[in-house]
Amino acid sequence: MRRIYLLAVVLLKITLLQAQTEPLKVGDPAPKVKVFKWLKGEPVTNLERGRVHVVEFGATWCAPCTAAIPHLSSLSDKYSKDVDVLSFFIKEFVREPKDPNNPEYVKKVERFVQRHDNKIKYKVAVDDVNRSMETSWHMAAGLRGVPYSFVIDRNGHIAWIGLSTKYNVIDEVVEYVTGPNYRLSEMVERNEKEKSKRQNFNKDELFLAEGNGGRSDNFDFRSIFRKSKAKYRVASPLYITSEGWFHENLASVNSMPGRIQFVNMQLVELYNAAYADTLENIPLQRNPITWEWWAESNPYRNRSYGEYWYHPIVEVSDTTALGSTNWRKRQTRSIENKYDYSVQVPMKKASAGFIQKVMQRDLQNYFDYDVKVEIREMPCWKLMATNTAKKMLATKTPGKSINIIYPEDGSFVFKNAIVKDIIWVLGLKYGFQQLDLYNLSVEDQAPFIDATGIDYEIDFEMSATNQEDFQGFRKYLESNGLKLEKSTKPMKVVVIKDPKGKTL
């Protein structure tokens, strides 16, 4: 009998351990809410049954979290009768508080919420010193970074977990969960399918094989083009890169040498990959450890920023087949007018330029468009400096090493920097595509160009107060003698036209 009892105890412990390690997932009841303090809106102790909840996790230091504020407010306004939006600040570098009743990190979150108070139209709370919300929700679901959101249905069950920046997906989920045809089983099934796709992905297999020859190592050369059947997008990055994938000296670190694949892409995106530059279209940046510019240690980390326009110009009579001319609207789960493309070549030919020639050939064979890279006057933001600014900005400690300080309030303090550092921060906060934080409309997005004429070291402080508001930031720059004005400059741009003989 004692043996049976001990066996039962062991089995019970194993069962409890399994229950503890089982990740939080779609279909599970939502965990309890336990916070240090509510900073905006009426306190919530339990999620009210009968209402849908969007539970978001962010942090003060996270730029995409700040960028998500307008969308969360829009959701709160649009579905106010059925949905409560709750935002929880986690990962705020909790240390042993000097005052357990008012820790420093809580004050930091309070200051952040106060700065954005007029934009935040939902309830906000900050996690406690024991990281209760981070542990029971965020970590329990196996999540790492922020911002992430949970959609909780009227019965208190998790209907969706995903990045808060997937605005179109969240809109689709909330509309479905609040609608009359909602079924939790449908969301569980959808989640399991997506999970299965991720788990079953084999890097030795081509996405597009499906019986058309099997494993990719059976081929020296192949390319496949098809109408997309996948409601998920795969392309990292969205251009054919000179860095890492196709250069023979870097092939050993590449898990898919000589191969590139695009899944669920609009045709205009494929044309851009085939004709645009093979360097990334973002500002140059520094190594955060050595503070050297990345391009100094690796020429393939140079940038096409300000030299290549970031988006194709479409001049055709019917844009339907090409897809949306607004690139923000492309990242949807729809497969309408979407394509999958895969190409593999021998390593001895695996350069970015050769891959582009293959893509150009395939696109020309299957579609009737006239595509060229032209030089046109394109929009840009020029950063200019007054004579007063040039004197103000000159460093007080010439010859010393670069130093960049990040105070707790979110400011940037540059010592012995150069103007290129300011350009990088501008591009980071008001960039496009992979750097798009919805801080600028698509119409206003353009590269930032240094037109200051300053070729010496500078000291400059970027206050956190106006960083998120572009017009406010322009005024702040002006107070420091720097003007940011819309202008144009010659840039290379991919132009897609109707074939000759056919006009708009």
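Predicted model: local features only at pLDDT ≥ 70, side-chain atom pairs only at ≥ 80, totals over all residues.
Of the 504 residues in the chain, 48% are buried. Among contacts with a separation of 6 or more, 77% are between residues 24 or more positions apart.

A helix pair comes next. Helix α8 spans residues 267–275 and helix α10 spans residues 352–366, and their axes come within 8 Å of each other. The two axes cross at roughly 140°, and the helices are therefore oblique to each other. The crossing of α8 and α10 is left-handed. On the α8 side, the contact is made by L267, L270, Y271, A273, A274 and Y275, while α10 contributes Q356, M359, Q360 and L363. Sorted by class, this contact of α8 with α10 contains eight nonpolar and two polar residues, with no charged residues. Helix α8 is also mostly covered, as nine of its nine residues are buried. Those buried residues include E269 and N272, as well as V268.

With a relative accessible area of 0%, N264 is buried.

Helix α12 (residues 419–429) gives another view of the interior. Nine of its eleven residues are buried, so α12 is largely enclosed by the rest of the structure. K429 and L440 are eleven residues apart in sequence, and their C-alpha atoms are 9.2 Å apart in space. The loop between α12 and β14 (448–450) contains Q433. Phi of Q433 is near 50°, a positive value in a residue other than glycine. At 25% relative accessibility, Q433 counts as partly exposed.

The cysteines can be taken together. The count of disulfides comes to one, and this link joins C62 to C65, with an S to S distance of 2.4 Å. The angle about the S-S bond is 85°, and the link of C62 and C65 is right-handed. Both C62 and C65 are buried. Another cysteine, C380, has 0% relative accessibility and counts as buried.

P147 sits in the loop between α5 (132–139) and β5. A cis peptide bond joins V146 and P147, with omega at about 5°. N155 is found in the loop between β5 (148–152) and β6 (158–163). At 49% relative accessibility, N155 counts as partly exposed. Although N155 and L184 are 29 residues apart in sequence, they are 9.6 Å apart in space, C-alpha to C-alpha.

How values were computed: Residues numbered from 1 in each chain as written. Heavy atoms only, no water. Axes fitted to C-alpha atoms, helices over the stretch in contact; angles between N-to-C directions. Helix = DSSP H or I, 4+ residues; strand = E, 2+ residues; numbered from the N terminus. Parallel < 35°, antiparallel > 145°, perpendicular 65-115°, else oblique. Left-handed = near helix turned anticlockwise from the far one by under 90°. Contact = heavy atoms within 4.5 Å. Nonpolar A, V, L, I, M, F, W, Y, C, P; charged D, E, K, R; others polar. Disulfide = S-S within 2.5 Å. Buried < 20%, exposed > 50% of the residue type's maximum accessible area, 1.4 Å probe, protein only.
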